[in-house]
Amino acid sequence: MSSFNLNQKTFVLVQNSEKGQVDSETLFEYKQINSRVTALCSGGSISYGTIIGHLKGAELSLLYQCLTNTQQLKAGEAIAHVSTTSTGKLKLSLNWQWLNGEKEKGTSEYIEIDKHA
């Protein structure tokens with residue numbers, strides 16, 4: 001069981017590798033039931049996307065897919081390390097890889113935001 005709770009948390013991009021698809025306008029809205037984690041994402045370069053994952057301790061294994069604003073279908077996988085910032089917000093640090101196209105790899109970092117801020 002994990003001590004982290006991603007349920008009803010919203011994340012935005014802080015840093016992304018060159019071959020990453022999302023940008024700082026993409027919002028990720030997470031839900032969590034026990035160790036099962038899901039999310040919807042949209043905004044910026046992403047028209048619509050979904051994520052499903054499994055959280056074990058501080059490690060979140062993810063599969064994701066999205067439709068970009070240029071009508072590209074993309075799919076990938078990632079391992080995220082979940083941590084807490086000095087201000088108490090959750091942070092996700094990902095090592096990811098696309099599963100289609102040229103199968104590029106990269107890293108990205110996301111931070112929890114207050115959705116109504």
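Author: Leaving aside neighbours within four places in sequence, Q32 is in contact with F4, N5, L6, N7, V37 and L55, where contact means heavy atoms within 4.5 Å. Before going further, please note that this is a predicted model, in which local features need pLDDT of at least 70 and side-chain atom pairs count only at pLDDT 80 or more, whereas totals for chains, interfaces and linings use all residues. Residues are numbered from 1 along each chain as its sequence is written, and side-chain values use heavy atoms, with hydrogens and water left out.

Q32 and L6 are 26 residues apart in sequence, yet their C-alpha atoms are 5.8 Å apart in space. Q32 counts as buried because its relative accessibility is 12%; buried means under 20% relative accessible area, exposed over 50%, and partly exposed in between, with a 1.4 Å probe and protein chains only.

Q32 belongs to strand β2, strands being DSSP runs (E, at least two residues) numbered from the N terminus. In a regular strand the side chains alternate between the two faces of the sheet. In β2, residues 27–33, the covered face holds F28, Y30 and Q32, while L27, E29, K31 and I33 make up the uncovered one.

On one side, β2 pairs with β1 (residues 9–16) in the antiparallel sense over four bridges, two strands being paired if DSSP finds at least two bridges between them. Here F11 has F28 of β2 as its bridge partner. L27, from the uncovered face of β2, is also touched by I113, which is in contact with T10 and V12 as well, its neighbours within four places in sequence left aside. I113 sits in strand β8, and it counts as partly exposed because its relative accessibility is 29%.

β2 also pairs with β3, again antiparallel, over seven bridges, and in β3 the bridge partner of I33 is R36. The hairpin of β2 and β3 has two residues between the strands, and N34 takes a positive phi near 55 degrees there.

β3 (residues 36–43) and β4 (residues 46–56) pair antiparallel over seven bridges; their hairpin has two residues between the strands, with G44 in the turn at a positive phi of about 60 degrees.

Beyond this, ten bridges join β4 to β5 (residues 59–68), and these two strands run antiparallel. Across them, I51 stands opposite Y64 of β5. Their hairpin, too, has two residues between the strands, and G57 takes a positive phi near 65 degrees in it.
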